Every structure is written in C-alpha cells, then in structure tokens.
Amino acid sequence: MRVLVTGGAGFIGSNLVRYLLAQPQLERLVNLDCLTYAGNLQNLAGVDGDARYVFEQVDLRDADRVLDTMRRHAITRVMHLAAESHVDRSIAAPGAFMHTNVIGTFNLLEAARACWPSGGGERLLHVSTDEVYGSLGREGLFSESTPYSPRSPYSASKAGADMLVRAYHHTYGLPVLVTNCSNNYGPYQHAEKLIPTVIGAAIREEPIPVYGDGMNVRDWLHVEDHCRALWTVLERGRVGETYNVGANNEWANLRLVERIADAVDEVMGRRPGRSRELINFVPDRAGHDRRYAIDASKLREELGWRPEHELEAGLRDTVRWYVERARATATG
C-alpha cells in the first residue's frame, strides 16, 4: 500500500500521518503539502526517521507536479485533506478557498484518473466537513442524505469539491469515497481555531473571545477518533459512498469555552474560575451557522467504527498538551 496524504503537515493531516505510520501494511507514505500558514513540519517532528515516509512540498494548484508526485511514487491510495479551512479567512478573502479547495481537488482527481486507468483496486478518500449541510435548528441531525446548503465561502468551496469528487466516480468510474466530519479537536491544531484560541488566551490571561451569545452548537470529535474513522473508510468503505463522522458531542460554544477555561486553571494551578473571568463576548461572525450535529450511524453500523474519546477527558488532555507546549516554548 502506497498512500498519498494531501495536507499532511496540517492539524488533522499530521495526526493522520502518525496514525498511518503505525500500520504494518503500509509500504510508503507520501505527504504532499505546500506549507501555507496552516502547514508546519514541526507537527511531524520525528516521523522523517521512518524509511517509509517521504515529504513533497507541492501545491495542489500545480497540476503537473501533483501528477508527477503520484506517478513517481506509484500511489495506490489517496487521502485528500489539503484545504483552506478557516471560515473567517474565507469571509475576508474567498479567492484562495476557490483555487485550493475546488481547483486543487480537480487537479488531484485528474492525476488519479491518469495514474489509475485499469481499475486495479486503488482508492481516493476525499475528506470534507459537516458545514456543507448548512445550519440545523434545535432538533435533527445531518445524515448522508441531507441536502447541501453551504452558508460561507469555505463551506461552499468544500461543497463544490465534494460534488466534483462524486461526479468523477459517476462519470469516469474513479474509485472514490467521501467523509463529512464534525469539528475536530486535539494536538497540533492551528492557533486560529476555536479551542486553541481559547486555550492560548487563557494561558496568557488575555480576553477570550466568544461570538454572539455563545449559544451556537457544534458536535466535537477527537482528531485521533477521526483518523481511525478515515482509515476504516479507506480500507473497508464501499466505493462511491459517503460516510458521516461524528461523536455525538453537541456543546454550545459558551459551555465549551467555560470547560476549557476551567481546565486551564486546573492544569496551571490557578484559582478556580479565574479564566472564566476573561470571557469576552464579541460581535457575531457573518452568516454564523447556529447548530451542527452529525448522524454517524452508517459508519458505526456498516464498518463498526466507534469514538473512543469522551469529550471532557479529551478536552483536559488537549489543554494539558497545549500548556506543556507553551511552557516548553517559554523556556526555550
């Protein structure tokens, strides 16, 4: 098995690379990343000691280099995670999201089609988001049959990429799978995302920003559980199918922020409640979806995947990881 991971220096990608290198059937793992602000090779410290691992600094928008990378390494599996993914950035500058998420995915699909003409058992897994489904009310869950209703430039670009992947399966017979996951958390996440933002502000005793009234609800999934799900779908999922990935952890943003603040106080030995005093409500994000929640029963029932991380314990472990990292940085 020769696997190409796109975006392997990012948050989910770097965790996935570490997970894949623990799989004995892996012959080669090629990490394709162009190292934008969201990609950092320090996230992969130590993995280059594995002879099966290769890093290729390639931009998905460069079709020729994407094709060359797949051919040189005789790739048999693709796990496509590379994407511009920060909603606020997509609101301020949507162009990069269209070029990377849509055109970059198109280039990868074309490369796979050129390299896999004979249908020899290859697979391409496209990793997407629950944000393509839009916003839920107080009740209900996103299922694989939920109509798409993206409401930000980011989610629209991912929805376009999802549709393109499925079109290549139906038109050309390309062996694809699609996953749509809920919000991830865990080590190596970029500082702009909600949980690292809250942890960092609490560590520095700076105001902790919370959009609107803080009652927007998200469904949280530990990145290690997500990596196991991706591997499960890649290996045993039905080609052409979509699988939602979620852990049934619905929390309002304010409740989540309060628990993170408490965990920072605990880990850093501060007075209980100190970090909660830093919470600062700020004007809401434009087009801010009210609630996301995933129905992952198809993944559980067909492929036997289950999340292993309980959210409160996972949050404490995540806070501890970031605090230890901050302390190590401060001491040089």
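Which residue lies over the face of Tyr243, and at what distance from the ring centre? Lys298 takes that place, at 4.8 Å from the ring centre.

## Basis of the model

The structure is a predicted model, in which local features need pLDDT of at least 70 and side-chain atom pairs count only at pLDDT 80 or more, whereas totals for chains, interfaces and linings use all residues. Residues are numbered from 1 along each chain as its sequence is written, and side-chain values use heavy atoms, with hydrogens and water left out.

## Rings and charges

Besides Lys298 over Tyr243, the charged end of Arg255 sits over the ring of Trp251, at 3.9 Å from its centre. A charge sits over a ring here if NZ of Lys or CZ of Arg is within 6 Å of the ring centre and within 35 degrees of the ring normal.

A search of the whole structure gives 7 aromatic pairs, and one aromatic cluster is formed by Tyr133, Phe142, Tyr148 and Tyr292. Rings of Phe, Tyr and Trp (its six-membered ring) pair if their centres lie within 6.5 Å, and planes under 30 degrees apart count as stacked, over 60 as edge-to-face and the rest as tilted.

Ser157 is placed in helix 5 (residues 153-172), where helices (H or I, at least four residues) and strands (E, at least two) are DSSP runs, numbered from the N terminus. Ser157 counts as buried because its relative accessible area is 1%, given that buried means under 20% relative accessible area, exposed over 50% and partly exposed in between (1.4 Å probe, protein chains only). The side chain of Ser157 makes a polar contact with that of Asn101, at 2.9 Å; such a contact is a pair of N or O atoms within 3.5 Å, and within protein one must be able to donate a hydrogen and the other to accept it, while residues adjacent in sequence count only if both atoms are side-chain atoms.

Leu174, in the loop between helix 5 and strand 6 (176-181), counts as buried because its relative accessibility is 4%. Leu174 and Trp116 are 58 residues apart in sequence, with 8.2 Å between them in space, C-alpha to C-alpha.

Pro117 belongs to the loop between helix 4 (95-115) and strand 5 (123-129), and Pro117 counts as exposed because its relative accessibility is 68%. Between the C-alpha atoms of Pro117 and Gly173, which are 56 residues apart along the chain, the separation is 9.7 Å.
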